[in-house]
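Here is a short briefing to read beside the model.

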Amino acid sequence: MSFLRLLSRNRLALAGLVVMALVVVLALITPLLPLADPDVTNTADRFKRPLGDAGLLGTDHLGRDLLSRLLWGTRLSLAVGVAAALIAATIGAAIGIVAGFYGGRTDNIIMRGVDMLMAFPYILLALAIVAALGPGLLNALIAVAAVNIPFFARNIRGVTVSIAHKEFVDAARLSGMGDVRIIVTEVLPNVIPVIVIAMSTTIGWMILETAGLSFLGLGSQPPQADLGSMLGEARSALITNPHTSVVPGAMILVIVMAINLLGDGVRDALDPRLKSGALSRPMPATLVRRDSVPPQPRTEDEAILALRDLKTEFHVKNRVYKAVGGVDLHVRPGECLGIIGESGSGKSVTALSVMGLVASPPGVITGGAVYFEGQDLIGAPYETLRRLRGNRVAYIFQDPLATLHPLYTVGEQLIEAVRAHHPTSRDEARTHAIDLLKSVRIPNAETRIDSYPHELSGGMRQRVGIAMALANDPEVIIADEPTTALDVTVQAQILSLLDDLRRERGLAIVFITHDFGVVAQLCDRVAVMYAGRIVEEGPTAAILGAPAHPYTARLMACVPELGGGRRELAAIPGLPPVVDNLPQGCAFADRCHKATDACREGEVTLVPKGPDRAVRCIDPEIATEAAQ
Amino acid sequence: MAGYILKRLFSAIPVLLGISIIVFLIMAMIPGDPATAILGSYATPENVEKLNRDLGLDKPLVQRYFIWLGNMLQGDFGRSFSLNRAVLDEVMERFNATLILAGTSFVICSVLGVAAGVVSAARQYGLADKAITFAVLLGISIPSFFLGMMMILIFAVNLRWFPVSGMWPIYGARDLSALLSHLTLPASALAVVATGVIARLSRSAMLEVMRQDFIRTARAKGVHERSVIWRHALRAAMVSIIPVLGIQAGFVLSGAVYIEMVFQWPGVGRMLVDAILKRDILLVQGGVVFVAACYVMFNIAVDVAQGLLDPRIKT
Ligand code: SF4
């Protein structure tokens with residue numbers, strides 16, 4: 001039902017369905033229509049034009065009525081195509097099921113044979129079969145069906161293999177059911193939808209191929225004519241009387257196109273990835289749709305990078321996920337700011353929003369501003385963003401195996417990073433790249449530069465990621481959980497490397513993590529995020545010493561030791577709220593042991609608590625001390 | 001690399017054997033006495049006896065296969081009775097013409113198809129994407145033989161831009177420009193369907209790749225969007241596009257049959273159709289085995305290209 005509704009939403013598929021239905025109905029009622037006999041020749045009336053005195057479509061080279069021949073030909077072509085599809089599907093499915101169900105040697109031998117058949121150029125095999133059987137429509141049908149068998153066999157085998165090892169099949173076996181019964185009662189019902197889909201995608205082909213064989217004179221023999229042989233016969237008069245060619249040719253086109261439209265619609269309706277929008281490509285920069293005037297920068301922060309009331313949402317279908325719900329942050333030159341939170345807290349989206357790297361669709365920046373050296377980057381032209389990306393503000397990402405291009409060497413990727421902003425020669429850029437690799441302490445940089453990412457260890461790959469971020473001497477580095485995928489020792493090395501670089505180069509670092517140990521080791525200040533908002537902010541030492549927000553306190557309580565590697569913050573009971581449906585009042589209320597009705601009523605704001613600190617809670621843990 | 005190529009070449013041997021067995025078995029389906037079937041109207045008692053002696057046609061099936069295979073390995077594909085010529089000579093000459101046609105078509109459909117797919121993906125849901133998607137749908141739905149006829153009508157008969165048919169002018173020099181003007185229409189007509197299929201798969205391969213993390217990395221580096229698409233995304237998408245190109249090459253090669261008929265191109269496809277109509281079994285057999293074997297070799301080349309392109313494949 002929902003499938004039909006999906007199909008009807010696709011207008012093109014619907015058009016295909018309507019056209020196809022029309023053609024099929026016409027083909028079915030052809031014998032009932034008051035048509036001239038398609039095979040009666042009348043040489044006096046040869047090559048009459050369409051819309052003339054000799055019928056709607058005129059006559060062909062033997063004076064036969066074209067309309068009648070077209071409808072009878074369509075009927076024949078459809079019948080042959082459908083028959084070929086049915087034969088191919090039945091035999092192919094039988095072979096596929098046997099191979100998939102029995103597995104082992106049976107499977108091996110059968111699939112070898114199928115592979116051999118598929119090694120042939122498709123039409124060539126059909127020609128060979130027709131050559132052996134002799135020309136004729138039935139033989140052409142057999143040939144087209146035969147060459148399509150391997151396709152069905154392979155598809156169905158795949159599905160059968162996955163079913164043959166399911167519990168219900170094992171259960172049937174244990175209960176003493178015979179193989180044939182298992183296949184018929186358990187396997188077949190699960191395979192039939194796949195057969196139907198495979199048929200819907202190949203039936204157009206089969207109509208086309210049988211028409212093709214007839215066109216070559218190898219299919220239907222005169223006076224009987226399908227669309228292909230009509231076209232074939234008309235070919236000799238192509239130049240003098242093109243209408244005899246156009247009529248059958250256009251009909252084939254219409255039929256095949258309608259089937260293709262329908263097939264595409266079916267496929268789209270069944271493909272879950274299309275529904276979730278997972279098949280759309282992210283645009284070069286995140287979409288910006290701000291309806292309010294962005295807030296001004298605060299000069300007193302002396303920040304190089306400042307986020308003001310940043311709002312980023314994900315628009316999926318009719319739902320809106322508020323991933324970042326108004327975040328204020330800033331980082332000064334040479335400072336390291338930590339952003340900490342559980343996964344889904346919006347910390348990564350916040351970081352990616354800065355340079356417009358949130359994938360959109362579905363991401364949309366709906367409000368706020370990001371000031372870099374006083375210039376607002378939200379809504380800045382693409383070229384402005386591109387010139388800053390990697391040049392003044394660089395990123396280090398989490399999993400370097402996925403974030404480095406797998407098919408380019410490390411050197412090529414580093415050289416590209418340099419040359420994206422500094423037009424130097426390749427040799428110069430390469431020397432620079434080697435220096436970069438050395439500066440992140442990669443041994444044998446001269447040889448490692450020609451390695452592919454998959455040839456390096458995880459730690460080495462992340463060093464390459466850092467080297468790439470340093471390529472253009474940026475002012476700000478945004479590191480999105482750069483050590484999460486690494487083991488503890490390597491993690492410590494990477495952290496100390498980042499710390500050294502920051503001191504040597506006066507870098508500002510925004511460090512995103514879920515690990516308080518990492519924060520303690522590296523960051524001057526820290527902001528705690530929960531459900532897309534900052535719930536607490538302040539100097540690292542102060543917060544570690546006395547967390548003010550209950551959430552921060554709980555986060556810290558589940559960190560057993562500093563720098564302990566990959567750890568999820570699951571020790572807090574409950575889950576963070578879904579950001580498409582935020583509760584009124586404090587978002588943490590459902591998991592907070594101190595929650596009262598007051599917490600759930602009005603908006604809880606971020607209020608300053610002592611020097612340089614702020615907390616979003618009406619009953620903070622250290623209210624009194626921090627205020628003093 | 002050399003070892004990898006050698007390994008792939010060795011793996012082709014069973015496939016080639018399988019192909020010869022399949023063709024042999026198909027031809028063995030011919031009802032009646034094989035010698036009579038092969039000779040057709042030339043089946044005089046002397047000829048039948050001679051053929052039986054040469055090909056061992058009176059021997060059991062298995063033995064006959066090995067005699068046939070042995071002959072082929074020595075370059076003896078038998079003799080065409082309708083042409084009174086060695087099959088291999090005829091096939092090679094015709095295959096040359098087919099290769100020119102199909103090769104040109106393959107280049108056209110690869111370049112155009114991939115380019116259209118990339119543009120379509122990069123402008124997803126934009127005007128260019130919609131136009132390309134529609135053109136692709138039209139392209140994969142139109143029968144190549146009908147398209148070829150319409151092209152003749154429009155570009156050769158009405159506009160007189162290109163010759164109507166053939167590979168060479170009947171009079172005049174057989175030079176490159178003559179060949180190109182004869183080649184343009186058939187090669188384009190042959191390329192259309194494959195271009196559509198390739199464009200479609202390239203588009204989805206690109207969309208798949210564009211969501212990967214390394215694309216975000218390239219953007220974060222400040223690489224220009226042009227390079228992000230054509231250097232980063234396309235390079236990664238090629239890994240899944242290349243096998244499609246290999247499959248489409250098979251369709252182009254065998255689809256040439258129709259185009260050769262429409263344009264009177266003296267290729268192996270037209271030779272096969274003529275041979276089938278004249279029941280020249282040995283010519284069909286030899287032609288099919290030869291073309292299929294060439295296609296297997298081409299696919300090995302595709303595999304090797306894939307190995308060169310993707311350093312993660314162990315070569
Ligand atoms: S506002 Fe209330 S519910 Fe929220 S954290 Fe503070 S005490 Fe807990």
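Predicted model: local features only at pLDDT ≥ 70, side-chain atom pairs only at ≥ 80, totals over all residues.

- The crossing of helix 8 of chain A and helix 10 of chain B is left-handed.

**The whole interface between chain A and chain B**

- Chain A puts 81 residues into the contact, and chain B puts in 78 residues.
- The size of an interface is often given as the accessible area lost when the parts come together.
- Here, about 7,100 Å² is buried between the two chains.
- Carbon and sulfur atoms give 71% of that area.
- On the chain B side, R211(B), K221(B) and Y258(B) lose the most area to chain A.
- Together these three account for 10% of what the chain B side buries.

**Helix 7 and helix 10 within chain B**

- Helix 7 of chain B spans residues 144-158.
- Its axis comes within 9 Å of the axis of helix 10 of chain B, and the two cross at roughly 30°.
- That angle makes helix 7 of chain B roughly parallel to helix 10 of chain B, because angles under 35 degrees count as roughly parallel.
- The crossing is right-handed.
- From helix 7 of chain B, the contact uses S144(B), F145(B), G148(B), M149(B) and I152(B).
- From helix 10 of chain B, it uses Y258(B), I259(B) and V262(B).
- Six of the contact residues are nonpolar, two are polar and none is charged.

**Helix 15 and helix 18 within chain A**

- Helix 15 (residues 410-419) and helix 18 (residues 458-470) of chain A have axes that come within 9 Å.
- These axes cross at roughly 20°.
- That makes helix 15 of chain A roughly parallel to helix 18 of chain A.
- Helix 15 of chain A passes helix 18 of chain A in a right-handed crossing.
- V410(A), Q413(A), L414(A) and A417(A) of helix 15 touch V464(A), A467(A) and M468(A) of helix 18.
- This contact has six nonpolar residues, one polar and no charged.

**Ligand surroundings**

- The residues around the ligand are H549(A), P550(A), C586(A), F588(A), A589(A), C592(A), A595(A), C599(A), C617(A) and I618(A).
- By class, this shell holds nine nonpolar residues, one polar and no charged.

**Backbone points to check in chain A**

- Most residues other than glycine have a negative phi, and most peptide bonds are trans.
- P222(A) and P223(A) are joined by a cis peptide bond, with omega about 5°.
- P223(A) sits in the loop between helix 8 and helix 9 of chain A.
- The bond from P361(A) to P362(A) is cis too, with omega near 5°.
- P362(A) lies in the loop between helix 12 and strand 5 of chain A.
- E373(A) has a positive phi, near 50°.
- E373(A) belongs to the loop between strand 5 and strand 6 of chain A.

Technical notes
Residues numbered from 1 in each chain as written. Chains lettered and ligands numbered in written order. Heavy atoms only, no water. Near = heavy atom within 4 Å. Nonpolar A, V, L, I, M, F, W, Y, C, P; charged D, E, K, R; others polar. Left-handed = near helix turned anticlockwise from the far one by under 90°. Helix = DSSP H or I, 4+ residues; strand = E, 2+ residues; numbered from the N terminus. Contact = heavy atoms within 4.5 Å. Buried area = accessible area lost by both parts, 1.4 Å probe. Axes fitted to C-alpha atoms, helices over the stretch in contact; angles between N-to-C directions. Parallel < 35°, antiparallel > 145°, perpendicular 65-115°, else oblique.
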